[in-house]
Amino acid sequence: MTATAATTSRVAIAGLLILTAGTGLVDAVSYLGLGHVFVANMTGNIVFLGFAANPHSGLSALLALIALGGFLLGALAGGAVGHRLAGSRVWPTAVLLAQALLLAAVAVAGAAFGVAALGRPVVVAALAFAFGLQNSTARRLAVPDLTTTVLTLTVTGLAADSRIAGGPGAKPVRRFASIASMLAGAAAGALLIQVSVPLTIGAVAVCVLIGAVLLHADPIARQRH
């Protein structure tokens, strides 16, 4: 199945946009509520590792490393499942359902015992693992401008491919939608964590669950290799 064919599915696009909003939500949780670290945006963590060389930065190199390690393990697990199940009816739904269940478990445990009792490193590692699963799945789907976690190339393409720059002006609506989805998720997360961090993580789980359902309903997404 070609990338062009995959991009024609509105169901898949809607699912990926909802996953993108979930990324904004979860990074609001991790950055604002767990100690200035990202669990979905690994570029930020690599930069934070450099910034942490300044002892007055207020950033934790340990938390950034934990997030990177958890994310890599999640991407490894998601990639292993993707290689074995791509093209089957249960992929990518199985990976995203596992992600949603992990997020829900963290939310329930955080509500029951408190995030402080669970320990920030444990919560960061679990959330990063969950988004490693998601990112490896989105990467394998390979829908242009819908990576669900990183927008740098999307923003670049919006300008570099525009008609003002002499380009084809391809897919500006999708690119704007991806940016708007993450922005909306981040704003919602920044507000929700004032109520409850576990509640916000639960909202992320709901986003992932909806994304999984939409992608499962789309035959094109299941046929991607």
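A pocket, as I use the word here, is an open set of grid points where a 1.4 Å probe fits, with protein on both sides within 12 Å along at least five of seven lines. I'm working from a predicted model.

**Entry 1: the second largest pocket.** I looked up which helices line this one: H4 and H7 each give at least two residues. Its volume comes out at about 200 Å³. Among the lining residues I found Gly78, Gly79, Gly82, His83, Trp91, Asn135, Arg139 and Arg140. By class, I noted seven polar, two nonpolar and two charged residues in the lining.

**Entry 2: the largest pocket.** This one holds about 230 Å³ of space. I found 15 residues lining it, and Asp27, Phe38, Asn41, Met182 and Ala186 lie nearest its centre. H2 and H9 (172–192) each give two or more residues to that lining, and H2 has the largest share, with six. The lining splits into eight nonpolar, six polar and one charged.

**Entry 3: helix H7.** Back to H7, which runs over residues 120–141. Its 22 residues reach 32 Å from first C-alpha to last, close to the 32 Å expected. Just after H7, I spotted Ala142 with a positive phi of about 55 degrees.

**Entry 4: the core.** The largest nonpolar core has 46 residues. Helices H2, H4, H5, H7 and H10 each give it two or more residues, and the largest share, nine, comes from H7. Leu103, Leu127, Phe131 and Ile201 have the most contacts inside this core. What does Leu103 touch, leaving out residues up to four places away in sequence? I listed Leu127, Ala130, Phe131, Ile201, Val204, Ala205 and Val208.

Definitions and conventions: Residues numbered from 1 in each chain as written. Predicted model: local features only at pLDDT ≥ 70, side-chain atom pairs only at ≥ 80, totals over all residues. Heavy atoms only, no water. Helix = DSSP H or I, 4+ residues; strand = E, 2+ residues; numbered from the N terminus. Expected span 1.5 Å × (residues − 1). Core = buried A, V, L, I, M, F, W, Y, C linked by side-chain atoms within 4.5 Å. Buried < 20%, exposed > 50% of the residue type's maximum accessible area, 1.4 Å probe, protein only. Contact = heavy atoms within 4.5 Å. 1 Å grid on protein atoms, 1.4 Å probe; cavity = no way out; pocket = protein on both sides within 12 Å on 5 of 7 lines; lining within 4 Å. Points joined across faces, edges and corners; volume = space filled by probe spheres on them. Nonpolar A, V, L, I, M, F, W, Y, C, P; charged D, E, K, R; others polar.
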